[in-house]
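The following paragraphs lead through selected features of the structure shown here, from a helix and the surface to charged contacts and a sheet.

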Amino acid sequence: MLQYAPISFDASTFEIWGALLNGGRLIIPPPGLLLPGELKTIIEKNSVTILWLTAAIFHDIVENNVECLGSVRQLLAGGDILSPVSVKKVLNRYKNICLINGYGPTENTTFTCCYPM
């Protein structure tokens, strides 16, 4: 799992503890803001299989670097509305991916509700 969220963001707890408490490997990128091409490289180089993205980053990846999701088996995206066009593009291209739309305000810690698509 890629630990992509800033450590001060509630999603980081999901990424860190989700991987470590379940025997997974946690990929920690270099510090600082990653450019889209750098995120693509990290996902591909490390064969990331579980990924959590905000809706904005999900849309950017799907539009500009969808090929980097080839190793991903579980993709959680949310925090805002996901574009049906982007969702269909991912699900049509990657038949083995489990795309989960997670939503919930930070006050509820990570997700209030999830919907697998």
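Leu20 belongs to helix α1, which spans residues 11-20; helices (H or I, at least four residues) and strands (E, at least two) are DSSP runs numbered from the N terminus. The model is predicted, so local features need pLDDT of at least 70 and side-chain atom pairs pLDDT 80 or more, while totals for chains, interfaces and linings use all residues. Residues are numbered from 1 along each chain as its sequence is written, and side-chain values use heavy atoms, without hydrogens and water.

Leu20 is partly exposed, at 46% relative accessible area (buried means under 20%, exposed over 50%, partly exposed in between, with a 1.4 Å probe and protein chains only).

Two salt bridges are counted, each a side-chain nitrogen of Lys or Arg within 4 Å of a carboxyl oxygen of Asp or Glu. Lys40 pairs with Glu44, their closest N and O atoms lying 3.1 Å apart; both residues are in helix α2 (residues 36-45), four residues apart, or about one turn of the helix. Lys40 is buried at 19% relative accessibility, whereas Glu44 is partly exposed at 35%. Glu67 also forms a salt bridge with Lys40, at 3.9 Å between the closest N and O atoms. Because Glu67 lies in the loop between α3 (55-64) and β2 (74-78) and Lys40 in helix α2, this pair ties together parts 27 residues apart in sequence.

Four strands form an open sheet in the order β1-β2-β3-β4, with mixed pairing; two strands pair if DSSP finds at least two bridges between them. β1 (50-54) and β4 (113-116) are at the edges with a single partner strand each, so one side of each lacks a neighbour in the sheet.
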